Each structure stands twice: as structure tokens, then as C-alpha cells.
Amino acid sequence: MHLRGLRESRGLSLEELAERSGMSFRGLIYIEHGRRNPSLLSLLSIAAGLGVAPKRLLDCFSPDESGNCGESNAAP
């Protein structure tokens, strides 16, 4: 998941995303750093906090033709 890139592209700190998504700061750090896998409900909360469709959080797992990790089609 490319959570950090999406978060930073929106100018959000981890604290701001935690507040917007209703998740804990620590939980987001663990997810962002790959220490924990988010549940479906967490993915939905994170997507809502970022203001993106949940699918955007998973774009990294289906590379486009250029081999990029979904960043080239970065429409919010």
C-alpha cells in the first residue's frame, strides 16, 4: 500500500490523517510502515480520511503498463 505517498500528496501529517480517519496515530504508523495489515474497516476509514476511493489504497497491487505503482493515474 502506498499510504505515505497518498497522505503526503494531500499535505497531511500522520496526526491529521489520524484525526480525519478516526484511527489512532500509532495504528496508522504501523500500517504505513508495513508492520501491520489493515482490516477492511481500517482501509475504508483511511480512504475516507484521505478523501479517496478505497480502490486507490490498493492500486499499488495492480501496476499499470509502465510498471509504476499506480501513481501515474493519480486522480483523487
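Mentor: Start with Asp59: its side chain makes a polar contact with the side chain of Lys55, at 2.9 Å. Before going on, note that this is a predicted model, where local features need pLDDT of at least 70, side-chain atom pairs count only at pLDDT 80 or more, and totals for chains, interfaces and linings use all residues. Residues are numbered from 1 along each chain as its sequence is written, and side-chain values use heavy atoms, with hydrogens and water left out.

Trainee: What makes the pair of Asp59 and Lys55 a polar contact?
Mentor: The term asks for a pair of N or O atoms within 3.5 Å; within protein, one must be able to donate a hydrogen and the other to accept it, and residues adjacent in sequence count only if both atoms are side-chain atoms. The 2.9 Å between the Asp59 and Lys55 side chains is within that limit. The Asp59 side chain also makes a polar contact with the side chain of Arg56, at 3.3 Å.

Trainee: Why is Asp59 called buried?
Mentor: Buried means under 20% relative accessible area, exposed over 50%, and partly exposed in between (1.4 Å probe, protein chains only). Asp59 has 5%, so it is buried. It is found in the segment after helix 5 (54-58).

Trainee: And how do you know whether Leu28 is buried or exposed?
Mentor: By the same test: its relative accessible area is 0%, so Leu28 is buried. Leu28 lies in helix 3 (residues 25-32). Not counting residues up to four places away in sequence, Leu28 touches several residues, including Leu3, Leu14, Met23 and Ile46; contact means heavy atoms within 4.5 Å.

Trainee: How many helices and strands does the chain have?
Mentor: Five helices and zero strands. Both are DSSP runs numbered from the N terminus: helices are H or I with at least four residues, strands E with at least two.

Trainee: What makes helix 2 roughly perpendicular to helix 4?
Mentor: The axes of helix 2 (residues 14-21) and helix 4 (residues 40-50) come within 8 Å and cross at roughly 110°. Angles from 65 to 115 degrees count as roughly perpendicular, under 35 as roughly parallel, over 145 as roughly antiparallel and the rest as oblique, so helix 2 is roughly perpendicular to helix 4. Axes are lines fitted to C-alpha atoms, for helices over the stretch in contact, with angles from 0 to 180 degrees between N-to-C directions.

Trainee: Which residues meet there?
Mentor: Leu17, Arg20 and Ser21 in helix 2 meet Ser45, Ile46, Gly49 and Leu50 in helix 4.
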